[in-house]
Amino acid sequence: NVLLKARFTGNSGKEYNIDGFYYGTDQWKIRFTPPETGDWRWELTFATPQQTFPAAGSFSVVNSSRSGFLKSNPTNPFRLVLEDDSLFNGVGIGDCILDVNKNGNPLDDWGFDGEFRTGGEEGGYKGSYTDMATYMNAYGSKGAGFNLFRWSVDNCAFKLWETISVEGNRYLSQNGVFGDQLVQALRDNGFRIWMTVFGFSPPYPNAVNNPAEQEAIKKYIRYAVARYGAYIDIWELTNEATPPDEWIKFVASYLRSIDPYNRLISTSWERPHLAEITINSPHWYQKESEFESDSVTTNRISSEKKSSKPVIFGEQGNSEQNWDPGSALRMRLRSWTAFFKEGVLIFWNSSFAKDYKAPVASNIYLGPEERGYIKILQDFTKGFDSQTTITEISISNPHLIRGYALQSPKLYAAYLHAYTNHTTPTSGITVTIDSPSSGSASWISPSSGQVLGTQGVLVGKQTLAVPAFTTD
């Protein structure tokens with residue numbers, strides 16, 4: 001057994017105790033994200049059964065352009081904010097991370113902009129794949145602006161362990177390195193990281209009655225926190241698993257006790273009734289009529305808000321098939337509505353081809369059209385006031401248009417959907433709003449980003465003419 005620990009002390013006197021981890025032959029590492037600028041001291045202990053090796057040193061931390069970890073909004077339990085309390089509009093993706101081409105590397109096989117497959121199982125076109133850099137450039141901050149990635153370990157993705165056992169845990173060192181490369185690339189491309197540490201079958205579901213089984217689980221949690229904790233924004237304990245509540249409480253409590261950054265914790269299937277779980281994270285797949293996508297999204301989010309915790313759909317997509325002619329529009333309507341209803345969607349991206357089918361969880365195709373829609377949404381929400389809350393909007397013809405609105409002391413925003421007609425431009429629609437301040441209003445097309453019109457706005461209640469628009 002080898003033990004590697006370090007203590008980091010900042011100018012303020014705060015101390016952080018961080019575990020190290022085995023990286024590879026003759027290599028051990030410690031990772032730490034300093035939460036404040038200034039001078040830091042570190043003390044390290046590397047202990048083997050035969051000898052202990054101490055070390056110490058110091059370093060300086062300067063300002064960074066990156067904000068700290070995600071956290072709950074202190075003034076609104078349904079919104080997430082960054083460390084500087086600026087609003088975070090999460091629009092996420094998850095994806096399979098597998099060695100499709102059998103070259104030993106799961107990071108160069110990302111499904112990307114595929115078409116319908118031909119040739120059956122024995123040859124022909126089986127889908128389109130690309131390297132990690134191309135994928136990240138397309139979906140991350142340099143491209144569409146997706147900003148939350150769910151890495152679901154052992155769920156259509158490589159495992160980190162060979163065994164988690166009372167006889168001793170064995171970790172897959174090369175897969176650990178793949179994990180390092182993944183989280184570093186995600187961070188470099190503007191993604192916040194949601195890490196699911198166990199897959200469908202978490203170990204020892206009755207461990208609360210067995211100290212040896214508890215210790216095996218603890219060792220793996222310590223390893224995951226030590227290796228990836230400096231990158232992760234949200235921990236998720238399991239994926240679509242049903243261990244007892246007592247197991248969830250035990251694992252969540254232990255993870256929180258060793259996490260130096262006090263991150264948010266989720267699990268799936270969701271357990272929002274547990275105090276140890278800080279995010280409500282259901283999964284949702286559906287193929288509704290596009291005319292109903294906004295109301296379906298509203299109802300799903302509203303039904304999940306009863307726990308008064310952030311509602312983040314850890315998986316979202318279509319049922320029946322990942323792509324169909326209405327899929328991109330449904331995604332656009334869901335995404336805009338989710339922002340206005342204080343929910344977050346993490347789409348399970350299956351873009352290697354357009355004909356992936358499953359009865360329920362068919363995932364979703366996020367190609368150029370879909371990525372373009374997300375970029376327009378993320379450009380719109382950039383710089384939004386974190387004090388924004390849901391408010392009212394009155395529409396002149398509610399039999400044709402549904403509307404959603406947000407307001408803060410600094411802004412008023414609205415989203416309109418012509419839910420009976422997606423082909424003919426609207427005309428003669430007005431909305432009545434109560435503006436918190438005077439200024440200029442811009443009407444924007446979510447499909448193109450085009451500014452459809454601008455007009456002056458006064459303080460208080462007033463009626464505005466809506467320029468003609470198609471769909472939303």
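How many salt bridges does the count come to? In this predicted model, the count comes to 29 salt bridges. Side chains of opposite charge can pair when their charged atoms come close.

Two of these pairings involve Asp233. In one of them, Asp233 forms a salt bridge with Arg187, with the closest N and O atoms 2.8 Å apart. Because Asp233 belongs to the loop between helix H3 (211-228) and strand S17 (234-236), whereas Arg187 belongs to helix H2 (residues 173-188), the pair ties together parts that are 46 residues apart in sequence. Asp233 is buried, its relative accessible area being 0%, and Arg187, with a relative accessible area of 13%, is buried as well. The side chain of Asp233 also meets that of Arg192 in a salt bridge, at 3.2 Å from N to O. Here the partner Arg192 is found in strand S16 (residues 192-196), while Asp233 lies in the loop between H3 and S17, so that this pair ties together parts 41 residues apart in sequence. Arg192 counts as buried, at 9% relative accessibility.

A further salt bridge is formed where the side chains of Arg271 and Asp245 meet, at 2.7 Å from N to O. Arg271 is placed in the loop between strand S18 (264-266) and strand S19 (283-285), and Asp245 in helix H4 (residues 245-258), so the pair ties together parts that are 26 residues apart in sequence. Arg271 counts as buried at 9% relative accessibility, whereas Asp245, with a relative accessible area of 28%, is partly exposed.

With regard to strand pairing, four strands form an open sheet in the order S2-S1-S5-S6, and their pairing is antiparallel. Strand S2 (15-19) and strand S6 (52-61) stand at the edges, and because each has a single partner strand, one side of each is left without a neighbour in the sheet. From one strand to the next, the twist averages 20°. Strand S1 (residues 3-9) is joined to S2 by five bridges, the two strands running antiparallel, and Phe8 has Tyr16 in S2 as its bridge partner.

Methods. Residues numbered from 1 in each chain as written. Predicted model: local features only at pLDDT ≥ 70, side-chain atom pairs only at ≥ 80, totals over all residues. Heavy atoms only, no water. Pairing = 2+ DSSP bridges. Axes fitted to C-alpha atoms, helices over the stretch in contact; angles between N-to-C directions. Salt bridge = Lys/Arg side-chain N within 4 Å of Asp/Glu carboxyl O. Buried < 20%, exposed > 50% of the residue type's maximum accessible area, 1.4 Å probe, protein only.
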